[in-house]
Amino acid sequence: MSSLEKRQEYRALFKQNVQKRLIVDKIVRIIIISCVIAAIIPLGSILFEVFKNGIAAISIEFLTEIPGSVGSGTGGVGPAIQGTLIVVGLASLIGVPIGVMSGIFLSEYGDNRLARSVRFFNDVFMEFPSIVLGIFAFLVIVLVLGHFSVWAGAFALSLIMFPIVARTTEESLKMVPITYREAGTALGLRKWVVTMRIVIAAAKEGMVTGVMLAVARIGGETAPLIMTILGSSLFFANMNTPMDALPLRIWRLSMLPYESAQLQGWGAALVLIFIILGINLGVRTLVLHKKETMQILKTLKEKVGGKN
Amino acid sequence: MEKVFSKKNDRKFDPDKIFKMGAVVAGCFVLVVIVLLVFQLITQSYPIWEENGLSFIIGTDWNAADGRESFGALPYIVGTLVTSALAMAIGVPLSIGIAMFISDAPKKIGAPLGFLVELLAAVPSIIYGLWGLYVFREFFMNSVEKPLHNTFGDSIWLFSGTPFGLDIFTASIILAIMIIPTVSSVAREVMKAVPQQQKEAAYMLGATKWEMFKLAIFPYSKTGLIGASILGLGRAVGETMAVTMLIGNATGLNAIPGSLFDPSQTMSSIIANEFVEASPAGLHLPALIGVALVLLGIAMVINVIAHLLVTRMLKVKEGAINT
């Protein structure tokens with residue numbers, strides 16, 4: 001009898017134990033799901049507010065004209081859009097070749113000590129605060145020339161860009177099977193021909209993805225532009241005068257105490273987010289199924305921590 | 001045949017060598033830039049170190065007016081550390097929760113969700129700032145800060161300041177939101193790197209899902225998770241625009257926060273606010289560059305540690321899968 005009682009006692013204890021653990025499990029699950037919701041809400045709210053407030057400001061005039069007098073609520077962000085396109089374009093002109101060549105170095109000549117340290121410092125450099133890069137561009141270009149310069153802004157942005165391009169290029173080149181290179185070499189081609197004509201041709205999709213994501217990243221940079229191109233209310237005149245850019249314009253507008261400026265700020269934010277999320281969504285949906293692209297995104301996640 | 005071969009070998013102009021040289025030069029560009037950058041920051045901030053010495057780091061005065069110039073960076077260092085620490089305290093648990101959910105959810109839910117969280121990373125800092133300033137600030141001030149202040153304001157010093165919405169609390173929350181994508185996506189990769197056998201073994205012992213995380217995943221991925229968090233810390237330390245717009249931009253002694261509801265200033269925000277007005281002739285510009293040097297030093301140390309931890313973890317993964 002006593003053993004039966006004991007058995008019942010154990011059974012009750014067991015039940016209790018399992019129940020307790022299941023309840024803890026459920027609580028944890030609820031906490032985790034609320035974590036996810038807590039992260040999605042800000043994203044939803046940001047997109048919603050930018051679209052809701054921004055769409056009211058958008059008009060042909062807003063997109064093409066120079067800003068009106070302060071607080072009047074007239075005019076637009078034409079120079080800012082133009083400036084963003086110019087500075088990002090120039091930055092890509094500097095950053096992409098360096099990044100691609102550096103990626104080729106890491107992937108094709110990357111089996112040595114130098115390459116390992118380059119890879120490491122490349123990853124560390126990617127995480128440098130962008131404002132420090134802006135100061136660097138200020139010191140070596142603006143201070144030397146004695147005036148604000150579009151080149152300084154482009155240089156600062158290219159410094160943000162090239163490590164990203166280098167890493168993504170490296171990853172996509174590494175995805176190309178070694179047999180491609182061997183086939184090229186067997187045909188008697190020189191290594192640089194093999195690399196430029198065969199390997200890059202096979203890897204170009206991943207490389208383009210990396211470049212586009214880098215462009216999206218620098219398009220939204222504000223801090224390094226403050227001390228390099230300064231901001232302006234006029235359209236681009238020459239390389240040696242201050243120029244406007246969308247993030248700078250948003251910052252200026254947000255500091256003004258007028259409702260109308262606030263509205264214009266939202267409008268500019270909508271244009272900016274349209275460009276940047278457009279690039280991101282485009283790249284991800286158009287080429288997402290490709291193996292190389294998945295690898296790129298994964299590298300970006302590991303190395304750039306999802307920031308792009 | 002002889003002739004062809006010798007012709008090829010004797011050629012002085014070897015495109016392969018030039019190509020390789022180009023690649024090596026481009027690869028070394030990053031090293032050159034880092035060295036030049038640090039060198040420039042040191043030489044250009046030299047006047048302030050010469051004038052103040054180490055008291056630049058521990059001083060609290062900040063006055064750029066002519067004749068009464070005095071610069072101490074301590075308040076901004078404190079501001080950066082406090083906001084980043086708060087952002088970590090809020091953001092890291094959230095991110096690990098998200099990573100747990102995504103790493104464990106079926107692919108149909110996990111993939112789009114991961115994608116959404118990564119979109120958070122694509123939103124530019126300035127737009128976080130704008131949203132924080134016009135949307136989040138008001139909501140947060142009225143429905144979180146004021147109730148907290150009214151209930152605990154007298155008893156707990158943390159909540160004693162006047163809630164105004166432009167303070168370290170708001171800035172830290174925005175920072176926390178901004179580091180979520182970084183931390184959660186790295187944490188996810190790290191958790192995925194845990195070998196399937198470990199998880200199965202835990203389940204086989206009768207573990208619930210939570211117990212499986214506790215038994216199998218956390219011990220295995222501890223290093224990587226710490227690395228992910230530190231990576232987030234590195235990002236928070238360097239973040240500029242959103243913080244500049246929300247932290248209230250106090251200077252000097254006022255920038256040392258007395259409570260969660262006090263305005264402050266971080267190293268990056270003082271640079272963003274004052275850099276353009278600073279004259280290179282006086283000490284103001286060298287002081288700001290000195291701040292940048294300190295910021296870079298802190299960010300670099302944090303990132304090197306994080307990278308070492310994360311790569312070590314992900315290397316373990318490869319080994320574990322192969323064996």
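pLDDT is the predictor's confidence in each residue, on a scale from 0 to 100. That's a handy place to start, since what you're looking at is a predicted model. Chain B comes out with an average pLDDT of 87, and 93% of its residues score at least 70. Chain A has a mean of 89, with 93% of its residues at 70 or more. For the model as a whole, ipTM is 0.89 and pTM is 0.89.

Those averages hide some ups and downs. Among the elements of chain B, helix α2 has the highest mean pLDDT, 94, while helix α1 (residues 2–10) has the lowest, 51. There's also a stretch of chain B, residues 317–323, where the pLDDT is below 50. Apart from near neighbours in sequence, that stretch makes three contacts in the model. Over in chain A, helix α3 (residues 78–108) has the highest confidence, at a mean of 95, and helix α12 (residues 291–303) the lowest, at 63.

Now let's see how the two chains meet. On the chain B side, 76 residues are in contact with 74 residues of chain A. Helix α2 of chain B (residues 15–44) gives the most to its side, 18 residues. Sort the chain B side by class and you get 53 nonpolar, 16 polar and seven charged residues.

Next, pick out helix α7 of chain B, residues 125–152. If this 28-residue helix were straight, it would span 40 Å at 1.5 Å a residue, yet its end C-alpha atoms are only 32 Å apart. Look along α7(B) and you'll find a kink of about 50 degrees, centred on B:Phe136.

Where they meet, α1(A) brings A:Ser45, A:Ile46, A:Glu49 and A:Val50, and α7(B) brings B:Ile127, B:Trp131 and B:Val135. By class, this contact has five nonpolar residues, one polar and one charged.

Note on methods
Residues are numbered from 1 along each chain as its sequence is written. Chains are lettered from A and ligands numbered from 1 in the order in which they are written. This is a predicted model: local features need pLDDT of at least 70, side-chain atom pairs count only at pLDDT 80 or more; totals for chains, interfaces and linings use all residues. Helices (H or I, at least four residues) and strands (E, at least two) are DSSP runs, numbered from the N terminus. The expected span of a helix is 1.5 Å times one less than its number of residues. The bend at a residue is the angle between axes fitted to the seven residues ending there and the seven starting there. Two residues are in contact if their C-beta atoms, placed from the backbone, lie within 7 Å. Ala, Val, Leu, Ile, Met, Phe, Trp, Tyr, Cys and Pro count as nonpolar, Asp, Glu, Lys and Arg as charged, and the others, Gly among them, as polar.
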